[in-house]
Amino acid sequence: MSPPLSLFSLLFIFISFSASPNSAAARSQNAPRDLVRSSCVHASYPNLCLRTLSSYAGPANTPRDLAQAAVKVSIARARKVSNYLSTLSGLKKKRERVALSDCVEQIYDSVDELSKTLRELKHLREETFRWQMSNAQTWVSSALTNEDTCLDGFHEVESKAKDDVKRKITNVARVTSNALYMINRLDESRGRPKLGH
């Protein structure tokens, strides 16, 4: 007959199992973080992807959640830039004013395209999944083109605001590129295991 376990031994075993990173509780808490990490690793801008989606306050438990979160981040950044651009005034040269005006319109269009994408991602259905994903990919690609066109408009402009505008638009373009990557990942997974909510 084996000797009974001492209280110390039982306590040690209990602490070992409860502190183990392989425990079910630890795995379930780390699952969203692991999904973000594994999803961002091949994104166009992996560090930005990881930073923006890890700090995202909403659900991020499925590829669909991540695609929606990435689009929401892109919309928020584009709106912020749109507001910033509308505050710029006092540009003296006609070329600066035209570039700014075009850029405001293009970022507005980007917000619209991204908003349509988000609506589409929220209402995915099995029977129309391919068509809906094609729409989402087209709209996000169009938003990315608008952002690039805005940057191109400032290429020949010499202005104090140019560097700031360029930095802000580049950031929006990068999060939008990551959003497109997440949508492509969702398309490849075909929304598995389940389209869900």
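Predicted model: local features only at pLDDT ≥ 70, side-chain atom pairs only at ≥ 80, totals over all residues.
**Entry 1: counting disulfides.** I began with the cysteines and found two disulfides in the structure. Counting bonded cysteines along the chain, I get the pattern 1-2, 3-4.

**Entry 2: C40 and C49.** I looked up this pair and found the sulfur atoms of C40 and C49 2.1 Å apart, forming a disulfide. The link is left-handed, with -65 degrees about the S-S bond. I then checked burial: C40 and C49 are both buried.

**Entry 3: C103 and C150.** Here the sulfur atoms of C103 and C150 lie 1.5 Å apart, and the pair forms a disulfide. This one links distant parts of the chain, with C103 in helix 5 (residues 94-122) and C150 in helix 6 (residues 129-153), 47 residues apart. I noted a torsion of about -55 degrees about the S-S bond of C103 and C150, so this disulfide is left-handed. Are its cysteines, C103 and C150, buried or exposed? C103 has a relative accessible area of 0%, so I wrote it down as buried. C150 comes out at 1%, so C150 is buried too.

**Entry 4: the largest pocket.** I turned to open space next, and the largest pocket holds about 170 Å³. Which residues line the largest pocket? My list reads R77, K80, V81, Y84, R167, K168, N171 and V172. Helix 4 (63-87) and helix 7 (162-189) are the elements that each give two or more residues to this lining. Sorting the lining by class, I have four charged residues, three nonpolar and one polar.

Definitions and conventions. Residues numbered from 1 in each chain as written. Heavy atoms only, no water. 1 Å grid on protein atoms, 1.4 Å probe; cavity = no way out; pocket = protein on both sides within 12 Å on 5 of 7 lines; lining within 4 Å. Points joined across faces, edges and corners; volume = space filled by probe spheres on them. Helix = DSSP H or I, 4+ residues; strand = E, 2+ residues; numbered from the N terminus. Nonpolar A, V, L, I, M, F, W, Y, C, P; charged D, E, K, R; others polar. Disulfide = S-S within 2.5 Å. Buried < 20%, exposed > 50% of the residue type's maximum accessible area, 1.4 Å probe, protein only.
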